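Here are some notes to read alongside the model, written for someone opening it for the first time. Keep the viewer open and follow the points in order.

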Amino acid sequence: MPMTTNTATEPPTAAVVFTDETLRTAAGLAADSYRPVWTGPSGEESSGESVARHLEATAALLDKDGWVRIYDCGKDWTTSADLADDDSMTVKAMLKSLLRWVREDVGNDPQRTLSTALRHVAEGGGHGDPGTAAIASDVLDLLIRAHTGSDTARATPWSERLTRTHADITALLTAGARFARTYGPGAAEVTGKTD
């Protein structure tokens, strides 16, 4: 009789692997795209290098602060919060209590989802902007479409699957940076390719 194992105590599975073939397939999808992949919402093109830096900064941010699959909005707010609801409280006292609770109980978890981390790197301004964030998101979508073989697959829902791990997200971001440097604008100068 085979022995069963408790999945709760098993080590996490290996990260998803994004092969060179996956990147080539994604490049084909990008070439067939109805709109330019490397042009952001501003109408301006971003270099593959700038998108790669944005993706790497996203991975670094998730490594530093932690990755979370989804935000848990279902926490039991009624038992964890020590908010007074006494009718005799002044509005000022209630607001102070609420603000204190938000600062102490809600604002302390630095973990981010994939999409939130992409946006926060854009807002930080040091390694990206809203344009590179949008393009980086499109690049990740292309990789997931190539990886899954589904033309409707997207990176954010893929990252939110129950089986996903931080290592999977890091693998995706690393593959995205590699893809951007290899196939993005300016790649010919970086890789020595010529048309």
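**Notes on the fold, the core and a pocket**

1. Start with how much is tucked away: of the 195 residues in the chain, 35% are buried. Bear in mind that this is a predicted model. The chain exposes about 12100 Å², and carbon and sulfur atoms supply 55% of that area.

2. As for secondary structure, you'll find 9 helices and 0 strands. Reading along the sequence, the pattern is simply α-α-α-α-α-α-α-α-α. Take the contacts between residues at least 6 apart in sequence: 77% of them join residues at least 24 apart.

3. Next, the largest nonpolar core, which has 39 residues. The members that touch the most others are Leu55, Val139, Leu140, Leu143, Leu172 and Phe179. Two or more residues of this core come from each of α1 (20-31), α2, α5, α6, α7 and α8.

4. Leaving out residues up to four places away in sequence, Val139 touches Val37, Trp38, Val51, Leu55, Gly176 and Phe179. Two of these partners, Leu55 and Phe179, are also on the list of core members that touch the most others.

5. Helix α5 covers residues 114-124, and its buried residues are Leu114, Thr116, Ala117, Leu118, Val121 and Ala122. Those buried residues pack against α2 (48-65), α6, α7 (155-159) and α8 (166-183). Just after α5 comes Gly125, with a positive phi of about 75 degrees.

6. Is Thr22 buried or exposed? Thr22 sits in helix α1. Its relative accessible area is 10%, and the cut-off for buried is under 20%, so Thr22 counts as buried. Setting aside residues up to four places away in sequence, Thr22 touches Leu143, Ala146 and His147. Leu143 is another of the core members that touch the most others.

7. Finally, have a look at the second largest pocket, with a volume of about 250 Å³. Which helix gives the most to its lining? Helix α6 (residues 130-148) does, with 4 residues. Sorted by type, the lining has 4 nonpolar, 1 polar and 6 charged residues.

Key:
Residues are numbered from 1 along each chain as its sequence is written. This is a predicted model: local features need pLDDT of at least 70, side-chain atom pairs count only at pLDDT 80 or more; totals for chains, interfaces and linings use all residues. Side-chain values use heavy atoms; hydrogens and water are left out. Buried means under 20% relative accessible area, exposed over 50%, partly exposed in between (1.4 Å probe, protein chains only). Contact means heavy atoms within 4.5 Å. Accessible areas come from the Shrake-Rupley method with a 1.4 Å probe; for residues, only the protein chains shown count as cover. On a 1 Å grid over the protein atoms alone, a cavity is a set of points where a 1.4 Å probe fits but cannot get out, and a pocket is an open set with protein on both sides within 12 Å along at least five of seven lines; lining residues have an atom within 4 Å of a point. Grid points are joined across faces, edges and corners, and a volume is the space filled by probe spheres set on the points. Ala, Val, Leu, Ile, Met, Phe, Trp, Tyr, Cys and Pro count as nonpolar, Asp, Glu, Lys and Arg as charged, and the others, Gly among them, as polar. A nonpolar core is a set of buried Ala, Val, Leu, Ile, Met, Phe, Trp, Tyr and Cys residues joined through side-chain atoms within 4.5 Å.
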